[in-house]
Amino acid sequence: MTAVLVSLALAALVAGVLRRRNGRFRAATPPGTAGGALLPAPGRLATFVQVSTEACATCPRVAATLERVATGTPGVRFVELPAESHPDLLEAYDIRRSPTVFLLDGAGQVRLRTSGPVTADQALGALAELLGTDHVPTPTPTGGQP
Amino acid sequence: MTAPDVQPTTPSTTAASTTGASTPAPAGIDPRGPRVGAGVTAALLVAVLLLGDNAAALVVLGAVVLLFVSGVVLGPARAVLGTAYRRLVAPRLRPTGEREDPRPPRFAQLVGLVITGAGLVLDLIGVPHAVTVAASLALVAAVLNAAIGLCLGCELYLLGVRLRARRTPAAVA
């Protein structure tokens, strides 16, 4: 009985922590090594770089969301990179989860990052934070749910 | 050992597109299937824990191990629970056009198999509480999968990629 309750409590704890973290963009610290060279050429204003793995159920959905956001916002590019073939990138940016999403500015510097499922509103919010609201379509008023 | 060129994959336009894997994605499955399966697995693991450290618990855990074996060997679509979902559960649910890559849930089955299989083997060679510890760990993973669709094994997968790359730096890139 104790084991069941401990397991359920642990699961609830993990779920709570992840729910708070998922898709929430935060300021990115610059990589220790010359990590900038590892990233693709940036879009004119901003670039979403998504690092995905094969064993990642949410990656295709997040990629579709970011692709849609990038297509709808002039000057914004979207690139998806397979983690398996970019080991240096994983180390340089200390990537631990898939998907991990970086938001690069027009100069190719990583400004914001997040991991886990990302909603369109969260992506648009990050773009607004980076570029100012003039460049970005207004997020839908329904809130952060996908 | 130069830094690998950044080769962006083709940006995807549909949800069923590649996750950046080198092989083309296999046919998609109903994403609710693995979650229902995880619910059944969770119920069985609760039974294991409630039975306590005895032969009955070992038998139920053995059944869970076999379910995981079927998931790994046959893949989530054709495994025992996947087939049961398609025949018994899916017809009663609203049809969905949503499809998911079966490789992540298959990897999750492998993680479940390693945990429960280790518990079973360790118990059989006399390690105390092996069944309880293994069933508890597997229960945490199964509940998270069933309740919020989180694949704990997939969360650890990327760390595995990094460890592998660190050990064989020349083989990658």
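## Basis

This is a predicted model: local features need pLDDT of at least 70, side-chain atom pairs count only at pLDDT 80 or more, and totals for chains, interfaces and linings use all residues. Residues are numbered from 1 along each chain as its sequence is written, chains are lettered from A and ligands numbered from 1 in the order in which they are written, and side-chain values use heavy atoms, without hydrogens or water.

## Salt bridges

A salt bridge here is a side-chain nitrogen of Lys or Arg within 4 Å of a carboxyl oxygen of Asp or Glu. Helices are DSSP runs of H or I with at least four residues, strands are E runs of at least two, and both are numbered from the N terminus. R61(A) is partly exposed at 43%. E98(B) is partly exposed at 39%.

In chain B, R32(B) bridges to D30(B), with the closest N and O atoms 3.0 Å apart. R32(B) is partly exposed at 27%, whereas D30(B) is buried at 14%. Shared partners link E91(A), D94(A), R96(A), R162(B) and R166(B) into one salt-bridge network. Within it, R96(A) and D94(A) meet at 2.8 Å, N to O.

## Sheet of chain A

Five strands of chain A form an open sheet, ordered β1-β5-β4-β2-β3, with mixed pairing. Strands pair if DSSP finds at least two bridges between them. β1 (26–27) and β3 (76–82) stand at the edges with a single partner strand each, so one side of each lacks a neighbour in the sheet.

β2 (residues 46–52) and β4 (residues 100–105) of chain A run antiparallel and are joined by six bridges. T47(A) stands opposite L104(A) in β4(A).

## Helix α5 of chain B

Helix α5 (residues 130–148) of chain B has 19 residues. G149(B) follows α5(B), with a positive phi near 70 degrees.

How values were computed. Buried < 20%, exposed > 50% of the residue type's maximum accessible area, 1.4 Å probe, protein only. Expected span 1.5 Å × (residues − 1).
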